[in-house]
Amino acid sequence: MDIYFVRHGETEWNLRRVVQGRSDIPLNEYGRELARITRRGLDEEGVSFDAAFTSPLVRAVETAQILLEGTGVTPVTDERLVEIDFGKYEGFSIPEVQENPEYSDFAKCFEDPANYHPDEGESFYELYDRCGAFVKEVLIPLEKEARSVLITAHGALIRGLMNVIDNTPVERFWDRIQRNCAVNKLTLTDGVFATQYEGRIYYKEEHIYKSPSDKWLHLTPEA
């Protein structure tokens, strides 16, 4: 079975470098275009899906809908795929929490994830637990039923899934690069996972427009 983990397209909070987490922020227009480009890239490679799961947050759901447009496949929402909960720090500027000593406890989220134990929200160990449950209870049994599966979710959540699958420790949580609409392909054969590629994007630039009203230019799939 082929498994594709795809991060959602860009939101305004991604653009502004704001802590997003469980906050239900929609895609911006550039994010929708990234999803359309990604769909075309996958189509050109002959990728199709016969099952799909998504985080219930709107940015992931809309990304799934764009990727699945015209296929007849409806994504199933699963609460275990929701982004990590950053508690009271959602809506804060990422540079602010990294640079301001007042937020040193939260800065551990990025700098020392193994010792990030928030009073409010979710630790990376808790994230690993629910990612592991999704892998065990959904993905592994699905091998007998599906040929190719799409999972649309979030940057931290996808890292959690892949880290659980290949036993990457929490200390190295952020090692993987997951840009907006990054595609990660794994296979599952007789209960054994193998990573085929990770972090693939089908567009040239991370972000090339200055405001939501501007046109985005020079967006072409990568060779």
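What follows is a talk about the sheet, then the helices.

Modeller: This is a predicted model, where local features need pLDDT of at least 70, side-chain atom pairs count only at pLDDT 80 or more, and totals for chains, interfaces and linings use all residues. Residues are numbered from 1 along each chain as its sequence is written, and side-chain values use heavy atoms, with hydrogens and water left out.

Colleague: What makes the six strands an open sheet, and in what order do they stand?

Modeller: The order is β3-β2-β4-β1-β5-β6, and the pairing is mixed. Strands (E, at least two residues) and helices (H or I, at least four) are DSSP runs, numbered from the N terminus. Two strands pair if DSSP finds at least two bridges between them.

Colleague: How do you know that β1 and β4 pair?

Modeller: Six bridges join strand β1 (residues 2-7) to β4, and the two run parallel. Asp2 stands opposite Ser148 in β4. Tyr4 stands opposite Leu150 in β4.

Colleague: How many bridges join β2 to β4?

Modeller: Strand β2 (residues 51-54) has four bridges to β4, again parallel. Thr152 of β4 is the bridge partner of Thr54.

Colleague: Which way do β1 and β5 run, parallel or antiparallel?

Modeller: Antiparallel: five bridges join β1 to strand β5 (residues 183-189). Ile3 stands opposite Leu186 in β5. Phe5 faces Asn184 in β5 as its opposite residue.

Colleague: And what joins β5 to β6?

Modeller: Six bridges, with the strands antiparallel. Val183 stands opposite Arg200 in β6. The hairpin of β5 and β6 has two residues between the strands, and Asp190 there takes a positive phi near 55°.

Colleague: Why is β4 called largely enclosed?

Modeller: Buried means under 20% relative accessible area, exposed means over 50%, and partly exposed is in between (1.4 Å probe, protein chains only). Six of the six residues of strand β4 (residues 148-153) are buried, so the rest of the structure largely encloses the strand.

Colleague: Which residues of β4 point which way?

Modeller: Ser148, Leu150 and Thr152 point one way, while Val149, Ile151 and Ala153 point the other, and all are buried. In a regular strand, side chains alternate between the two faces of the sheet.

Colleague: What makes β1 mostly covered?

Modeller: Five of the six residues of β1 are buried.

Colleague: Now the helices. Where does α3 lie?

Modeller: Helix α3 (residues 58-67) lies across β1, β2, β3 and β4, running at about 145° to β4. Axes are lines fitted to C-alpha atoms, for helices over the stretch in contact, and angles run from 0 to 180 degrees between N-to-C directions.

Colleague: Why is α3 called largely enclosed?

Modeller: Eight of its 10 residues are buried, so α3 is largely enclosed by the rest of the structure. The buried residues are Arg59, Ala60, Val61, Glu62, Thr63, Ala64, Ile66 and Leu67. Their cover includes β1, α2, β2, β3 and β4.

Colleague: Why does Arg39 count as buried?

Modeller: Arg39 has a relative accessible area of 17%. The limit is under 20%, so Arg39 is buried. Arg39 lies in helix α2 (residues 29-44). Arg39 touches Ile66, Leu67 and Glu69, not counting residues up to four places away in sequence. Contact means heavy atoms within 4.5 Å.

Colleague: What makes Val138 buried?

Modeller: Val138 has 12% relative accessibility, so by the same cut-off Val138 counts as buried. Val138 lies in helix α6. Not counting residues up to four places away in sequence, Val138 touches Phe53, Asp78, Arg80 and Ala133. Val138 and Phe53 are 85 residues apart in sequence and 9.7 Å apart in space, C-alpha to C-alpha.

Colleague: Why are α6 and α7 called roughly perpendicular?

Modeller: The axes of helix α6 (residues 124-142) and helix α7 (residues 155-166) come within 9 Å and cross at roughly 70°. Angles under 35 degrees count as roughly parallel, over 145 as roughly antiparallel, 65 to 115 as roughly perpendicular and the rest as oblique. The α6 and α7 pair is therefore roughly perpendicular.
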